[in-house]
Amino acid sequence: MKNNVVLSIQGRQSYEDQEPEVIELVTEGTMAFRDGGWDISYEESALTGLEGVTTTFRVEPGQIILTRTGKLNSRMVFQQGVTHDSLYQMEFGTLMLTVEAKFLYFDIVPDGGTIDLTYSISIENTQAGLIDYHLDIRAK
């Protein structure tokens, strides 16, 4: 059963030789428990530069899977200290990403919770930067 939720999302992207980019977003989404884990989904907006994309955080014991579908498609798996390769398919082409979770924390209950995720990202085998996400989830 899907529950409507309000998501407060803070994202910080730090890339070499650039000022960190910080995005704060409050949006509506859904949360559902299935197969031993939680799916937290929302529609991206023009503010994030990903309009037309649905983002889902799949929270399972020991890992978070970040999936994006729509105008771009990707599936990134985060397990503390483990690297994972992922294809990032956009309208103009596909990139190979490698991600490694540096910090992974979640506390999800039926009426909301918190997700904290910090990971390094390499694009086509070149270290690109560090990304932090903090999500607060609360029942609507």
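Visitor: In what order do the strands close into a barrel, and is their pairing parallel or antiparallel?

Guide: Before the answer, please note that this is a predicted model, in which local features need pLDDT of at least 70 and side-chain atom pairs count only at pLDDT 80 or more, while totals for chains, interfaces and linings use all residues. Residues are numbered from 1 along each chain as its sequence is written, and side-chain values use heavy atoms, with hydrogens and water left out.

The barrel is closed by 10 strands in the order β1-β2-β3-β4-β5-β6-β7-β8-β9-β10, and the pairing is antiparallel. Strands here are DSSP runs (E, at least two residues) numbered from the N terminus, and two of them pair if DSSP finds at least two bridges between them. On average, neighbouring strands of this sheet are turned by 25 degrees against each other, direction ignored; the axes behind this angle are lines fitted to C-alpha atoms, and angles run from 0 to 180 degrees between N-to-C directions. As one example of the pairing, β3 and strand β4 (residues 53-60) are joined in the antiparallel sense over six bridges, and glutamate 43 has threonine 54 in β4 as its bridge partner.

As for confidence, pLDDT is the predictor's own estimate for each residue, from 0 to 100. The mean over the protein chain is 93, and 100% of its residues reach 70 or more; among the elements, strand β6 (residues 73-78) has the highest mean (97) and strand β7 (residues 83-90) the lowest (93).

Now to the rings, where a search of the whole structure finds four aromatic pairs. Rings of Phe, Tyr and Trp (its six-membered ring) pair if their centres lie within 6.5 Å, and planes under 30 degrees apart count as stacked, over 60 as edge-to-face and the rest as tilted. Phenylalanine 78 and tyrosine 119 form a tilted pair, 4.4 Å centre to centre with 45 degrees between the planes. This pair links distant parts of the chain, since phenylalanine 78 lies in strand β6 and tyrosine 119 in strand β9 (residues 112-123), 41 residues apart. Buried means under 20% relative accessible area, exposed over 50%, and partly exposed in between (1.4 Å probe, protein chains only). Phenylalanine 78 is therefore buried, at 0%, and tyrosine 119 is buried as well, at 2%. Ring pairs also join Phe57, Phe78, Tyr119 and Tyr133 into a cluster.

Note on methods. Helices (H or I, at least four residues) and strands (E, at least two) are DSSP runs, numbered from the N terminus.
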